[in-house]
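Try each task yourself before reading its solution.

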Amino acid sequence: MEAEAADGPPGGAEAALSCFSFNQDCTSLAIGTKTGYKLFSLSSVEQLDQVHGSDEIPDVYIVERLFSSSLVVVVSHTKPRQMNVYHFKKGTEICNYSYSSNILSIRLNRQRLLVCLEESIYIHNIKDMKLLKTILDIPANPTGLCALSINHSNSYVAYPGSLTTGEIVLYEGHSLKSVCTIAAHEGTLAAITFNASGSKLASASEKGTVIRVFSVPEGQKLYEFRRGMKRYVTISSLVFSTDSQFLCASSNTETVHIFKLEHLSHSRPEEPSTWSGYVGKMFMAASNYLPAQVSDMMNQDRAFATGRLNFSGQRNICTLSTIQKLPRLLVASSDGHLYIYNLDPQDGGECVLIKTHRLLGSGTEENKENDLRPSLPQSYAATVARPSTSSASTVPGYSEDGGALRGEVIPEHEFAAGPVCLDDENEFPPIMLCRGSQKGKTKQS
């Protein structure tokens with residue numbers, strides 16, 4: 001869930017804000033600037049707390065945080081082929097790697113770290129940063145479009161499989177094997193994303209009018225939503241809610257669309273004996289005799305709810321999160337602001353803007369909170385961040401804090417035995433130095 005901010009007027013917010021991304025459970029927002037990067041807590045509506053800021057690396061255009069841990073991955077325009085992994089609480093660099101061309105995007109979960117170049121994808125084991133696989137000869141992917149499931153038990157990877165159509169290649173990052181190819185759209189892809197469990201995959205094409213959801217790993221179409229009909233748009237962000245009940249899409253327009261994932265019964269109940277019910281039945285019957293394209297449009301679901309921005313043409317990303325026990329729509333924009341809306345999960349409709357926060361400038365103080373623990377205990381964020389109750393591992397290749405010993409490789413079957421909690425003293429990987437170039441060193445496909 002990362003976006004590189006569009007170019008803006010010199011000296012303006014857009015000129016200073018280079019990129020922004022929400023972490024995997026939407027409890028934190030990271031931004032990259034011309035002078036470094038910042039991390040913010042999303043635990044409160046009224047206050048946007050800065051939990052970390054760094055000006056050691058200038059001109060940052062990729063910054064990704066691993067859940068609510070202290071592990072952050074940074075890429076700078078000054079060295080666009082180098083990935084830097086930091087432990088920001090200790091102020092130390094864990095490792096860095098260089099690649100054969102510019103890094104376009106990075107995705108990570110508790111098991112895998114994905115580095116996407118224009119014509120290749122590198123898959124690392126995040127516990128010891130060992131390079132496990134290089135996927136070569138992929139179709140040219142100049143935007144670095146790819147997705148990684150945050151579910152560490154499967155670590156599904158998705159990326160474009162064609163230059164001319166909306167074909168998606170589904171790859172299993174745990175077993176390092178191809179799964180299937182999905183013919184998602186007629187046009188080329190603009191956005192792809194997994195839900196939290198890795199059981200669903202959503203996609204949008206460059207036209208931006210239709211959004212589809214597929215089952216994983218089968219690749220069967222489950223839902224089809226129509227964002228609009230009047231104009232083509234550029235989808236900049238596509239994200240599921242953590243409970244997979246909603247799907248949110250933002251674009252270069254002033255409207256953010258929220259779709260509800262619910263199956264309508266094929267055997268529709270009898271409509272009430274009203275004029276509107278009669279007309280509805282007539283339309284459904286007529287759709288059987290219309291051209292397939294028109295019939296499909298009539299059967300596509302529309303947005304359940306919308307959020308209105310007071311501008312268009314800006315680069316932005318959106319997410320759906322639970323903050324202070326209520327569902328919220330969050331939009332981070334290249335205009336340098338975070339917009340928070342109330343979302344009615346029952347009736348939908350127009351989301352109400354309740355707070356706007358500045359992402360740049362003064363007014364925020366560094367907060368020493370307990371690693372961004374969300375306030376809702378039954379939420380997904382609380383589940384994945386829960387500390388493990390098991391004793392220290394004695395398996396060869398593990399240190400006492402659950403990380404990898406330098407120079408030793410953890411067997412594949414030992415990975416992701418359960419949620420891994422990262423905190424101040426027991427962070428993984430505890431590697432102090434692991435620098436290298438990713439050229440001709442890896443298993444290829």
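**Exercise 1. How many aromatic pairs does the structure hold?**

Before starting, note that this is a predicted model, in which local features need pLDDT of at least 70 and side-chain atom pairs count only at pLDDT 80 or more, while totals for chains, interfaces and linings use all residues. Residues are numbered from 1 along each chain as its sequence is written, and side-chain values use heavy atoms, with hydrogens and water left out.

Step 1. The structure holds 6 aromatic pairs. Rings of Phe, Tyr and Trp (its six-membered ring) pair if their centres lie within 6.5 Å; planes under 30 degrees apart count as stacked, over 60 as edge-to-face and the rest as tilted.

Step 2. Y156 and F194 form a stacked pair, at 6.5 Å centre to centre and 25° between the planes. This pair links distant parts of the chain, 38 residues apart: Y156 sits in strand β15 (residues 156–160) and F194 in strand β18 (residues 189–194). Strands (E, at least two residues) and helices (H or I, at least four) are DSSP runs, numbered from the N terminus.

Step 3. Y156 counts as buried because its relative accessibility is 10%, and F194 counts as buried at 8%. Buried means under 20% relative accessible area, exposed over 50%, and partly exposed in between (1.4 Å probe, protein chains only).

Step 4. The rings of Y223 and F225 have centres 6.0 Å apart and planes at 10°, so this pair is stacked too. Both Y223 and F225 are buried, and together with F259 they form one aromatic cluster.

**Exercise 2. Which residues touch the most other members of the largest nonpolar core?**

Step 1. The core has 25 residues, and M83, I103, I106, L113 and V115 touch the most other members. A nonpolar core is a set of buried Ala, Val, Leu, Ile, Met, Phe, Trp, Tyr and Cys residues joined through side-chain atoms within 4.5 Å.

Step 2. Elements giving two or more residues to this core are β6 (60–65), β7 (71–76), β8 (79–87), β9 (92–98), β10 (105–108) and β11 (112–116).

Step 3. Look at L113: its contacts, leaving aside neighbours within four places in sequence, include M83, I106, H124 and M129.

Step 4. Two of those contacts lead on to a hairpin. H124 stands opposite L131 in β13, and M129 takes a positive phi near 65° in the hairpin of β12 and β13, which has 4 residues between the strands. Strands β12 (residues 120–125) and β13 pair in the antiparallel sense over 6 bridges. In β13 (residues 130–136), 5 of the 7 residues are buried.

**Exercise 3. Examine the loops that hold N23, F67 and P217.**

Step 1. N23 lies in the loop between β2 (17–22) and β3 (28–33) and counts as buried because its relative accessibility is 2%. Its side chain makes a polar contact of 3.0 Å with the side chain of D25 and reaches the backbone nitrogen of T27 at 2.8 Å. A polar contact is a pair of N or O atoms within 3.5 Å; within protein, one must be able to donate a hydrogen and the other to accept it, and residues adjacent in sequence count only if both atoms are side-chain atoms.

Step 2. F67, in the loop between β6 and β7, has a positive phi of about 45° although it is not a glycine.

Step 3. P217 is in the loop between β20 (210–215) and β21 (221–226), and a cis peptide bond with omega of about 10° joins V216 to P217.

How values were computed
Contact = heavy atoms within 4.5 Å. Pairing = 2+ DSSP bridges.
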